[in-house]
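Please look at the model shown here with its charged pairs, its chain interface and its nonpolar core in mind. The paragraphs that follow take these topics in turn.

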2 protein chains.
Amino acid sequence: MPEHRPSGDDGPPLRADAQRNRARILNAAETVFAELGANASTEEVARRAGVAIGTVFRHFPTKNDLLAAIMKQLLARLVAEAGELNGPAGLFEFFERLVAQAAEKRSVVELLARAGMDLRLPDAVGRLEQALGGLLAQAQAGGTVRPEVALPEVMALLISVCQGALHGGWEEGLQKRTLGVIFAGLRPAAG
Amino acid sequence: MPEHRPSGDDGPPLRADAQRNRARILNAAETVFAELGANASTEEVARRAGVAIGTVFRHFPTKNDLLAAIMKQLLARLVAEAGELNGPAGLFEFFERLVAQAAEKRSVVELLARAGMDLRLPDAVGRLEQALGGLLAQAQAGGTVRPEVALPEVMALLISVCQGALHGGWEEGLQKRTLGVIFAGLRPAAG
DNA sequence: GATTAAGATGAGCTATGACTCGACTTAGCT
DNA sequence: AGCTAAGTCGAGTCATAGCTCATCTTAATC
């Protein structure tokens, strides 16, 4: 019996039904974690995927592996999104999109928060940092962001704002004003 | 047999040992939740308080009650701290202090985050908002903060930054730079 | 000191959730 | 069609955590 297959393994191709189930599980997991947060139960994921619980654990031997897989997808999507954004306002645009997502998907935030902790995804996170670095450089070249601002504080602000976005109240206007303050802080001082 | 005593109840005074144990439990809970976060077990609290688990539940019928009690203490302390701060730089000072606390005490952040959610402490939170409002007004009167900035976004920024402060990396310098960006965003545009 | 009700104790109940494993099903192949 | 290994199933195990309650202890009062 072949062993469990961690993400990167390329053994013999999966059987058709296994591929189908794996995809279903990933889909279900994404929506479940988005709605209920990262400590939704694996059983709930199985239920929504329409498979038995054993099947989930066959594909992802631990819950953390499942979370890591989702997180990898998410980070890849963010990197792609960052890649499409261009020009001096690209960084701000990225902030706005991420915060909008964070408000409706708990997982975005919680997973992002755990990306550097329990889940070990240094390369995926690294790629996102690289993409953000590009956006920051463009913004600084275009005079949209002060030159002395560095990548780490941009990341920190991004994470912070996403975290904050979870909290109920936050109507539309508040979110915009909060981001406005941060953008003002990033922009060069004089008009 | 007298019923469990929720926080506000003023029945006959507690017996001496009961008072002692209640204080011990609160102390233990504060440090335990500070170290381990809000989902540390009640047993751990009991262990560190040196009492049996039943005693904890006698004083705080649910874990949430215990969290709420700690949170009330914390909020009161923050209000007091805010009250001592004066002048146009008081608001910034408060930010710095809170973030410093957040970095070393998980509970500060997690409880603050839950204050408006599971735990129902509208009055305690209200008092903090009032105190912050005072600091904001002083800062605006002194020209340290733009007049169009309102209290809600200040609260939002505060919560966000505290949340972000949990994440490991954040060396000393990064924290300062991140706060620097936010302060720059709050300050009036021109020098 | 005797009385007694408040309080402390901790084994145990219940729920939940991560994970296992032997029995069963089916895709892929000849 | 028949074979077989890959894959699925789901009842069951183990651990944890919130909470209860019958029993014992002790502070307060007379």
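B:Glu153 forms a salt bridge with A:Arg177, and the closest N and O atoms of this pair are 2.9 Å apart; a salt bridge here is a side-chain nitrogen of Lys or Arg within 4 Å of a carboxyl oxygen of Asp or Glu. The model is a predicted one, in which local features need pLDDT of at least 70 and side-chain atom pairs count only at pLDDT 80 or more, while totals for chains, interfaces and linings use all residues. Residues are numbered from 1 along each chain as its sequence is written, chains are lettered from A and ligands numbered from 1 in the order in which they are written, and side-chain values use heavy atoms, with hydrogens and water left out.

Across the interface of chain B and chain A there are two salt bridges, and two residue pairs are in polar contact, both at pLDDT 80 or more. A polar contact is a pair of N or O atoms within 3.5 Å; within protein, one must be able to donate a hydrogen and the other to accept it, and residues adjacent in sequence count only if both atoms are side-chain atoms. On the side of chain B that touches chain A, the elements that give two or more residues are helix H8 (151-165) and helix H9 (172-186) of chain B, where helices are DSSP runs (H or I, at least four residues) numbered from the N terminus. The largest share of that side, nine residues, comes from H8(B). The residues of the side of chain B that touches chain A divide into 14 nonpolar, seven polar and three charged; Ala, Val, Leu, Ile, Met, Phe, Trp, Tyr, Cys and Pro count as nonpolar, Asp, Glu, Lys and Arg as charged, and the others, Gly among them, as polar.

In terms of contact (heavy atoms within 4.5 Å), 24 residues of chain B meet 25 residues of chain A. Chain B and chain A bury about 2000 Å² between them, 68% of it on carbon and sulfur atoms, buried area being the accessible area (1.4 Å probe) that two parts lose on being put together, summed over both. In chain B, the residues that lose the most area to chain A are B:Glu153, B:His167 and B:Val181, together 26% of what that side buries.

Over all chains, the whole structure holds 22 salt bridges. One of them joins B:Glu30 and B:Lys105, at 3.9 Å from N to O. B:Glu30 lies in helix H1 (residues 16-36) of chain B and B:Lys105 in the loop between helix H5 (90-104) and helix H6 (106-114) of chain B, so the pair ties together parts that are 75 residues apart in sequence. B:Glu30 counts as buried, at 16% relative accessibility, whereas B:Lys105 is partly exposed, at 26%; buried means under 20% relative accessible area, exposed over 50%, and partly exposed in between (1.4 Å probe, protein chains only). In chain A, A:Glu35, A:Glu43, A:Glu44, A:Arg47 and A:Arg48 are linked in a network of salt bridges.

The largest nonpolar core has 119 residues, and those with the most contacts inside it are A:Leu91, A:Phe94, B:Leu91 and B:Phe94. Such a core is a set of buried Ala, Val, Leu, Ile, Met, Phe, Trp, Tyr and Cys residues joined through side-chain atoms within 4.5 Å. Not counting residues up to four places away in sequence, B:Phe94 touches B:Leu78, B:Ala82, B:Leu85, B:Leu128, B:Leu132, B:Leu135 and B:Leu158.
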